[in-house]
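Have the structure open as you read.

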Amino acid sequence: MKGIVFNLLEETVSHDYGEDVWDQLLEAAQLDGAYTSLGSYSDEDLMRLVAAASSALNTPPDEIVRWFGRSALPLFADRYPQFFEPHTSTRSFVLTLNQVIHPEVRKLYPGADVPVFDFDTSSEEVLVMGYASPRKMCAFAEGLIQGAASHYGEQAVIEQPQCMVRGDEKCVLEISFSR
Amino acid sequence: VSWRSRFLGRPQRAEGAAPSPEEELRRVRHRLERERAARREAEQISETVTRRLYEKQAALELLETVATASNEASAAAEAMKVAVDGVCAHTGWPVGHAYLVEGDSTPVLVPTTTWHLDDAVQFEAFRAKSEATRFAPGVGLPGRVLATGTVAWIIDVTNDPNFPRAAAAAEGGLKAAFAFPVLISGEVVAVLEFFAPEAAEPDGQLLDLMAHIGTQLGRVMERDRARAQLAHQALHDPLTGLPNRRALIADLEEGLAGASKEKQLLVLLYDLDGFKAYNDSFGHAAGDALLARLAHRLTTALEGRGSPYRMGGDEFCVLASLDFESPENVAEHAAAALVEHGEGFTVTASYGSALVPTESTSSTEALRIADQRMYARKSIGSRASAGRQSTDVLLKVLSERSPDLGIHLDEVTELCRAVAEKLELHEDQVAPLLQAASLHDVGKAAIPDEILNKPGPLDAEEWEFMCRHTLIGQRILSAAPALTRAAAFVRSSHERLDGQGYPDKLRGDDIPLGARVISVCDAFDAMRSDRPHRPAMSTEEALTELRHCAGTQFDPSVVHALCAVIAEREHVAIG
């Protein structure tokens, strides 16, 4: 996992719950917590932080991850406005993930293991997005999409008829946007 | 006291009480924030450098890919395909396409089938439109590159006034575009173009990279060109530019495969007569120049008829498929081209022919037969001239065109003159007619005496030989440029109105009028003369016979004119 994700997690936790909570999470997860955006760190670190947060806040891990995605999106928009500016809707922004955003991520962080999504755009109303990753972080994607919807002044309703967490081969997100 | 000693010489820490815990905490926080900001900045600097490195490396990789392909590809088209794919992968643009330049004096861009298409269905209309469009310099995106020899960028092709494919591009959802030239020492030999689904501002760095790729591709194109030149040299004679013996064998083998009884291939071998004398008199340089001139004439004469080759020395060859013409026609046409004649020299050509596959089914055999026949014909020619008036002497006479030539009128010539007058032919037509009339039998000089004076009827082979005298007559007269029109009349002087004559089986008005006049006058004169097998006919009998054959063998208007001429003469004679 890229260091930027840990940096953003620290920022969102500190912002919403205070710096002390971040310190407590690190202690509970038994991590030293020195992360730089330039580095790569074990996926396990993130899982332990999520688990720690889950038990500290008495909230399911997926819920924690979803909250993280939603809260991290404004920080992304702040750091990388060039990806957000050309779009006026969440749908068109999300559709540039494979072609524009993730290729750029690879330029900044060589070796970044970004997920590849498949899209079914045949319906105007519902965007169908497939996701398959050993990290099984579909909840993070959900949170980010909801955060993006807020960014564009929309609401996103997301259903997951298939989910890797539930044992399916891949996750399928059916997303409908409304203003 | 300097500022230095004042500032550094004393301890910095303010004297007095230690800071309160709150103050201490504030300072620590402040320090932490500074550290965090410094880390952020360091990360950002590093990201910028990493990104730049990434781009540089990607550019290098693309260049290396194209350079490797340019070095290893056996054909330029392969390297071009690698470049088109590579640039699309590098830019993430979904469409790439290549053009080749054709034409030296007025270059034009011809679309190739070398494409990169991310989605064949989405871009089908654009592909079809592009492959159906050729670009002149300055026209459209590739035309701009052809005109300037440099890269070009269009922010949005659907809004560009000089982009003929705008509708097809809009259909495929294409907007931004750039193109760059493939150059061989400054000359544009190909153009590659690329398209993106979004409008985009020009990217100078990218265009610099594309210019480098164009240079790399130029090298492989140059190598291709050199290879093509070598291949051309291997199959062509440098002196005349004609395909050589090796090319002939290859073409003949290929022709053999496709030839059949219905679709025959004619092989003609030509050997120049008088070339050695020419070389001896004027030197080898002049001889070479003569060969080049003859080769050029042969090429022109064979346009649409067949292909010329130079076998070496003063030997030429012709391959012709017999779709529309008789073998004799092609052979004589080529022979007439291989003639040059001037002060003190005459160069002509003898030929031999072979038909594939009826006479031979192998290339060496066909060439051997043609060669044998050529030498047989050469010896007939020299025997005949030994026994009779030498053709060389005759040609000499013709070449210097004694003033007597047109005045020396035998009976046929005199009749022709009178008929021409009756037909009110223009003076321009009368002169060649009279020349032809006096020399219309000159080709018989080449017919062996045994055939010419044979008392009984001729067999088929002898008759075929006999029929050639008009062709030979034409060739002899063709040697003198001033007799070109007369030569054509001689050639057709034995044609019949109904198409049953020789050598071309011409019909009606296709037979030159001069030849029709000679034919009637010649027949009349022959019937009025004693022959070994019959006495001379009377004037009345001869005229009746002519009238009888008017419309089938003879031109009725010419027969009518001759009858009028004779009637006037008899009247005058009686009177």
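Buried here means under 20% relative accessible area, exposed means over 50%, and partly exposed is in between (1.4 Å probe, protein chains only). Helices (H or I, at least four residues) and strands (E, at least two) are DSSP runs, numbered from the N terminus. This is a predicted model, where local features need pLDDT of at least 70, side-chain atom pairs count only at pLDDT 80 or more, and totals for chains, interfaces and linings use all residues. Residues are numbered from 1 along each chain as its sequence is written, chains are lettered from A and ligands numbered from 1 in the order in which they are written, and side-chain values use heavy atoms, leaving out hydrogens and water.

**Helix 21 of chain B**
- Of its 15 residues, 12 are buried, so helix 21 of chain B is largely enclosed by the rest of the structure.
- Among the buried ones are B:Arg516, B:Cys521 and B:Phe524.

**Aromatic pairs**
- Rings of Phe, Tyr and Trp (its six-membered ring) pair if their centres lie within 6.5 Å; planes under 30 degrees apart are stacked, over 60 edge-to-face, and the rest tilted.
- That rule gives 24 aromatic pairs over all chains.
- A:Phe6 and A:Tyr35 are stacked, 4.2 Å centre to centre with 20° between the planes.
- A:Phe6 sits in helix 1 of chain A and A:Tyr35 in the loop between helix 2 and helix 3, so the pair ties together parts 29 residues apart in sequence.
- Both A:Phe6 and A:Tyr35 are buried.
- B:Trp93 and B:Trp153 pair edge-to-face, at 5.6 Å centre to centre and 70° between the planes.
- Ring pairs also link B:Trp93 and B:Trp153 with B:Phe178, B:Phe180 and B:Phe194 in a cluster.
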